[in-house]
Amino acid sequence: MIKHLRSAADLDADTATLILDTAAEMAALAGREVKKLPTLRGRTVVNLFYEDSTRTRISFEAAAKRLSADVINFSAKGSSVSKGESLKDTALTLQAMGADAVVIRHPASGAPHRLASWVDGSVINAGDGTHEHPTQALLDAYTMRSRLGRIDGLKVAIVGDVLHSRVARSNVLLLTTLGAQVTLVGPPTLIPIDVAAALSPGTKVSYDLDSVLPATDVVMMLRVQTERMQDSYFPSAREYSRRYGLDAPRMRKLPEHAIVMHPGPMNRGMEIAPEVADSSRSTIVEQVANGVSARMAVLYLLLGGKA
Amino acid sequence: MAYPRADTGSPTGSRATGAATGTKIILSGSDLQRVVDRIAHQILEKTSGATGTVLLGIPTRGVPLARRLASRIHAFEGIDIPVGALDITLYRDDLRLHATRALGKTDIPGDGLDGRRVILVDDVLFSGRTVRAALDALSDVGRPSSVQLAVLVDRGHRELPIRADYVGKNIPTALAEKVKVSLAETDDGVDEVKLYGGAA
């Protein structure tokens, strides 16, 4: 098993499948009265969050606690970071406290890679800048597999702000490793040039959502990340929504079995219409529940064995 | 401390019989069938007809054994008793001593375990640590009215105060020897129990 999970590219097909299989066993726990396992008793997991997060932080916390690990939550706000402490010094502090794993979210792409060279424990990337978010890709893959029964051969459309999306990057890497066919859809300004070639050669790019939908098994809507946008990438929110938002008439173009995903948080009415987000095809709430199982699987496989 | 399981390790002894270091067949396919039949009868006898009983196999080979017991009980008395699987990997006390293990399947029968008699089924009883882990796992899943243990082979060398209620065969062994249980369901159609290795 690998030591760190910094990128979805760290995972080959066998390892990724092992994580998904393990997550399926972990998911059974959610239906039990005692939602707790003694597996990681005495291990310490630090949640090091330099960016705001609701579901990822809570999800990692729940996952670690269900495995009986001790959890230390660290958020940049209210810590010595606001006094100017560097990531390295914070890392050395955590190291001195004996963290067995550090779950890091950071606005700078590549922060988990640097961190891994400073601490002895495992490093898990919970989102770094516009780079990657591998556990999100794992929970998305898990959701697809549990809804549609397989990943190999699925046609997946990832729609919207690909440029700023770490979710998109990790998903392209993981899903192609597992045999899915990914198409990136969005306005040309929000799809980096040569992104497909850079990530994985089989990936397609389209600027026309309506033509992609009829042959799609999974459509994954991305949030338009206005907080990362310094330029205007599209004329208006209304125009974006008209061309790339998923509303009810567009959803009807999807095949009968197709599912609609969104990593959250959603801009309802922007990239996804409320009636789509709340429809039976939407897996958005399921994704949150699956997130805990997927993260339990990752924590167990990284920390459960001999260090 | 190792966590001895019958299905770990690879055979080192030769197939030649007679030699002290060779492989000895403890139960042949037909012996194994008779032993399973006997345990099924004993369960029926000891539990007054196996009412309110659930069989839980411990992966890997406890699971097909539990299924065989249930099908024999069905053949003898025409009753269906629920069969499931209980993976104990996440409850082991030696997780930190080995590389991470893949999980087995846990499958608790639909009606749950509360108030029922649970019979844990495993292939080999050795140190007792697997059963200890299984008891911990059970208490997180439900609250059985009682728990019993059925094993195909008891090879001794207990490290915990644990005993089986139903034993297929007691085999006196040296610590260095290994017991290998093969079942048709998991081992390419072969049913047998072998003893191999150990000092000359």
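Beyond its neighbours within four places in sequence, A:Ile158 is in contact with A:Ala168, A:Asn171, A:Val182, A:Leu184, A:Val185, A:Met220 and A:Leu222. Contact here requires C-beta atoms, placed from the backbone, to lie within 7 Å. The model is predicted: local features need pLDDT of at least 70, side-chain atom pairs count only at pLDDT 80 or more, and totals for chains, interfaces and linings use all residues. Residues are numbered from 1 along each chain as its sequence is written, while chains are lettered from A and ligands numbered from 1 in the order in which they are written.

A:Ile158 also belongs to the largest nonpolar core, which has 142 residues. A:Ile158, A:Val219, A:Leu299 and B:Leu69 touch the most other members. Such a core is a set of buried Ala, Val, Leu, Ile, Met, Phe, Trp, Tyr and Cys residues, joined through C-beta atoms within 7 Å. A residue counts as buried with 20 or more other C-beta atoms within 10 Å of its own, as exposed with 12 or fewer, and as partly exposed in between. Helix α12 of chain A (residues 284-303) gives the most to this core, with ten residues. The core lies between domain 1 and domain 2 of chain A, because both give residues to it. Nonpolar side chains tend to be buried together in soluble globular proteins.

Domain 1 of chain A covers 8-133 + 288-302, and domain 2 covers 134-283. These bounds come from an automatic or database domain assignment. Taken over C-alpha atoms, the centres of the two domains are separated by 25 Å. Their contact takes 26 residues from domain 1 and 21 residues from domain 2. On the domain 1 side, α1 (13-27), β4 and α12 of chain A each supply at least two residues. Helix α12(A) gives the most to that side, with six residues. By class, that side has twelve nonpolar, nine polar and five charged residues. Ala, Val, Leu, Ile, Met, Phe, Trp, Tyr, Cys and Pro count as nonpolar, Asp, Glu, Lys and Arg as charged, and the others, Gly among them, as polar.

Chain A also holds an open sheet of four strands in the order β2-β1-β3-β4, with parallel pairing. Strands (E, at least two residues) and helices (H or I, at least four) are DSSP runs, numbered from the N terminus. Two strands pair if DSSP finds at least two bridges between them. The edge strands are β2 (70-75) and β4 (122-128), each pairing on one side only. Strand β1 (residues 44-49) is joined to β2(A) by six bridges. A:Phe49 stands opposite A:Ser75 in β2(A). Helix α2 (residues 55-66) of chain A packs on the sheet and touches β1, β2, β3 (101-106) and β4. Its direction makes about 175° with that of β1(A). Axes are lines fitted to C-alpha atoms, for helices over the stretch in contact, and angles run from 0 to 180 degrees between N-to-C directions.

A:His257 lies in the loop between α10 (248-251) and β9 (259-261) of chain A. This residue is exposed, with 11 other C-beta atoms within 10 Å. Not counting residues up to four places away in sequence, A:His257 touches A:Leu148 and A:Asp217.

In chain B, strand β7 (residues 177-182) has five of its six residues buried, so β7(B) is largely enclosed by the rest of the structure. Six bridges join β7(B) to the antiparallel strand β8 (residues 192-197) of chain B. B:Ser182 has B:Glu192 in β8(B) as its bridge partner.

Notes:
Contact = placed C-beta atoms within 7 Å.
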